[in-house]
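Subject: Structure handover

Hello,

Here is the structure I said I would pass on. Please open it next to this email, as my notes follow below.

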Amino acid sequence: GWKIYWKHPGDAGLPPDISFKNSDLINNYEIKWPFPEQSIEPGGLLSRVYYGEVILPILLSIKKSARDIYLNGSLNYQVCEKICIPISTKINLFIPEGDGKKSIFSDKIQKFISKVPINANDLGINNKSISLINKNKIVININSKFNIDDKSKVVALVNGPSHISYKSGEYKYDSKNN
């Protein structure tokens, strides 16, 4: 029952926060967030979480360097079950100069990279709109250059301001041939 939260946690919880501000060799970095589980907690609160094991792959952009790289960072997160326990830790990583070698963790990392949602713009979706029909129904319309039929499973994560969330008990697919 222990969990950590996704980058858009829902109605409660805080996502992991990582910082490499003490590493002068990093131009920027991006956490690649695998698809979370969505659950309804007591009181009807929506949560987007990871249960059990998760790897949050991080894409680093390093300044050009011909020497060994030392990364120093910090990680703040909370693990939750009935209560949440905040955890703060330091991250220290040494990357030696030279050609990279496949890590013993490569396959496990790739498993979680394959679960990262694809941005709609990268799916050939050239037109999308979201309509609020009433407080219990939104309609998402998309046009894609790919053929998506009614046998395909399409799951959408709709992200907005942190005070707005959605919970979906039902997905309906309607394909209109124009």
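Helices (H or I, at least four residues) and strands (E, at least two) are DSSP runs, numbered from the N terminus. Gln78, for example, is found in strand 7.

Before the rest, a word on what you are looking at. This is a predicted model, where local features need pLDDT of at least 70 and side-chain atom pairs count only at pLDDT 80 or more, while totals for chains, interfaces and linings use all residues. Residues are numbered from 1 along each chain as its sequence is written, and side-chain values use heavy atoms, with hydrogens and water left out.

The overall picture

The protein chain has 1 helix and 10 strands. From the N terminus on, their order is β-β-β-β-β-β-β-β-α-β-β. Of the 178 residues in the protein chain, 19% are buried. Buried means under 20% relative accessible area, exposed means over 50%, and partly exposed is in between (1.4 Å probe, protein chains only). The accessible surface of the chain comes to about 13400 Å², and 52% of that surface belongs to carbon and sulfur atoms. Such areas come from the Shrake-Rupley method with a 1.4 Å probe; for residues, only the protein chains shown count as cover.

Contact means heavy atoms within 4.5 Å. Among contacts in the protein chain with a separation of 6 or more, 60% are between residues 24 or more positions apart.

The nonpolar core

In soluble globular proteins, nonpolar side chains tend to be buried together. A nonpolar core is a set of buried Ala, Val, Leu, Ile, Met, Phe, Trp, Tyr and Cys residues joined through side-chain atoms within 4.5 Å. The largest one here has 11 residues: Ile4, Trp6, Ile18, Phe20, Leu25, Ile26, Ile31, Trp33, Tyr50, Ile69 and Leu71. At least two residues of this core come from each of strand 1 (3–10), strand 3 (26–31) and strand 7 (69–80).

Is Gln78 buried or exposed? Gln78 counts as buried because its relative accessibility is 13%. Its side chain reaches the backbone nitrogen of Leu14 at 3.4 Å. This is a polar contact, meaning a pair of N or O atoms within 3.5 Å; within protein, one must be able to donate a hydrogen and the other to accept it, and residues adjacent in sequence count only if both atoms are side-chain atoms. Leaving aside neighbours within four places in sequence, Gln78 is in contact with Lys3, Ile4, Tyr5, Gly13, Leu14, Cys84, Ile85 and Pro86.

Ser47 lies in strand 5 (residues 45–51). With a relative accessibility of 0%, Ser47 counts as buried. The side chains of Ser47 and Glu41 are joined by a polar contact of 2.6 Å. Not counting residues up to four places away in sequence, Ser47 touches Tyr5, Pro9, Glu37, Gln38, Ser39 and Glu41.

Salt bridges

Side chains of opposite charge can pair when their charged atoms come close. A salt bridge is a side-chain nitrogen of Lys or Arg within 4 Å of a carboxyl oxygen of Asp or Glu. By this rule there are 4 salt bridges.

One of them is between Lys108 and Glu53 (2.9 Å, N to O). Lys108 lies in helix 1 (residues 106–113) and Glu53 in the loop between strand 5 and strand 6 (58–62), so the pair ties together parts that are 55 residues apart in sequence. Lys108 is partly exposed, at 38% relative accessible area, and Glu53 is partly exposed at 46%.

Another joins the side chains of Lys102 and Asp107 (3.6 Å, N to O). Both Lys102 and Asp107 are exposed.

The nonpolar patch

Patches are made of residues with over 30% relative accessible area and no salt bridge; like charges are joined within 9 Å, and nonpolar side chains (Val, Leu, Ile, Met, Phe, Trp, Tyr) within 5 Å. Ile130, Leu132, Ile138, Ile140 and Ile142 form a nonpolar patch on the surface, with about 470 Å² of accessible area together. Strand 9 (125–134) and strand 10 (137–144) are the elements that give two or more residues to the patch. Strand 10 gives the most, with 3 residues. Ile130 is in strand 9 and counts as exposed, at 54% relative accessibility.

Regards
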